[in-house]
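I opened this entry to record what I looked up in one structure. My notes are kept in the order I took them.

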Amino acid sequence: MILQVFKNIGDRLLIADAYARMIAVYSGQLYPEKKAAGSIGGAVNGGTIVLRNGYYERVK
């Protein structure tokens with residue numbers, strides 16, 4: 001699901017914008033805020049995105 005928000009390597013979003021877009025991806029499901037946080041956390045842990053200066057950036 002993270003790749004629906006960060007489509008290309010080098011895409012950057014503010015933290016709040018990234019969460020808002022991820023929540024929109026999970027809208028209609030149970031607990032969209034928690035799923036969005038889990039997806040972003042998993043992507044950071046997996047190395048797909050990194051947090052730099054208040055932005056999430058896709059690196060792979």
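Predicted model: local features only at pLDDT ≥ 70, side-chain atom pairs only at ≥ 80, totals over all residues.

The notes below go from the sheet to the core, then to single residues and rings.

I began with the strands. Three of them form an open sheet, in the order E1-E3-E2, with antiparallel pairing. I noted E1 and E2 (49-52) as the edge strands, each pairing on one side only. On average, neighbouring strands here are turned by 25° against each other, direction ignored.

Next I took the pairing of E1 with E3. E3 covers residues 55-58, and the two strands pair in the antiparallel sense over three bridges. Which residue of E3 stands opposite Arg12? I found Glu57 there.

H2 lies across E1, E2 and E3. Its direction is at about 95° to E1.

**Core**

How many residues make up the largest nonpolar core? I listed twelve: Ile2, Val5, Phe6, Leu13, Ala18, Met22, Tyr26, Ala36, Ile40, Ala43, Ile49 and Tyr56. I sorted the helices by what they supply. H1, H2 (15-25) and H3 (32-46) each give at least two residues to this core. H3 gives the most, with three.

I placed Phe6 in the loop between H1 (2-5) and E1 (12-14). Is Phe6 buried or exposed? Its relative accessible area is 1%, and the cut-off for buried is under 20%, so Phe6 counts as buried. Beyond four places in sequence, Phe6 touches Asp11, Leu13, Ala18, Ile49, Tyr56 and Arg58. I looked at Arg58 again for its sequence separation. Phe6 and Arg58 are 52 residues apart in sequence, yet their C-alpha atoms are 6.3 Å apart.

I found Ala18 in helix H2. Its relative accessibility is 0%, so I logged Ala18 as buried. With neighbours up to four places away left aside, Ala18 is in contact with Phe6, Leu13, Ile40 and Tyr56. I also took a C-alpha to C-alpha distance from Ala18 to Ala37: 9.7 Å, across 19 residues of sequence.

**Thr48**

That list sent me to Thr48. Thr48 sits in the loop between H3 and E2. I read a relative accessible area of 18% for Thr48. The cut-off is under 20%, so Thr48 still counts as buried. Leaving aside neighbours within four places, I found Thr48 in contact with Leu3, Ala43, Glu57, Arg58, Val59 and Lys60.

**Positive phi**

I then turned to backbone angles. Most residues other than glycine have a negative phi. Which residues here did I note as exceptions?

Tyr31 has a phi near 60° and is not a glycine. Tyr31 lies in the loop between H2 and H3. I noted 52% relative accessibility, so Tyr31 counts as exposed, the cut-off being over 50%.

Asn53 has a positive phi of about 50°, again in a residue that is not a glycine. I located Asn53 in the loop between E2 and E3. Its relative accessible area is 77%, so I logged Asn53 as exposed.

**Rings**

I finished with the aromatic side chains. How many aromatic pairs did I count? I counted one. Tyr19 and Tyr56 form this pair, edge-to-face, with 6.3 Å centre to centre and 75° between the planes. The pair links distant parts of the chain: Tyr19 is in helix H2 and Tyr56 in strand E3, 37 residues apart.

I compared the accessibility of the two rings' residues. Tyr19 is partly exposed, at 27%. Tyr56 is buried, at 8%.

Last, I looked for charges over ring faces. Arg12 lies over the face of Tyr55, 4.1 Å from the ring centre. Lys34 lies over the face of Tyr31, 5.7 Å from the ring centre. Tyr31 is the residue I had already noted for its phi near 60°.

Note on methods: Residues numbered from 1 in each chain as written. Heavy atoms only, no water. Helix = DSSP H or I, 4+ residues; strand = E, 2+ residues; numbered from the N terminus. Buried < 20%, exposed > 50% of the residue type's maximum accessible area, 1.4 Å probe, protein only. Contact = heavy atoms within 4.5 Å. Core = buried A, V, L, I, M, F, W, Y, C linked by side-chain atoms within 4.5 Å. Pairing = 2+ DSSP bridges. Axes fitted to C-alpha atoms, helices over the stretch in contact; angles between N-to-C directions. Phe/Tyr/Trp six-rings, centres within 6.5 Å; stacked < 30°, edge-to-face > 60°. Lys NZ or Arg CZ within 6 Å of the ring centre and 35° of its normal.
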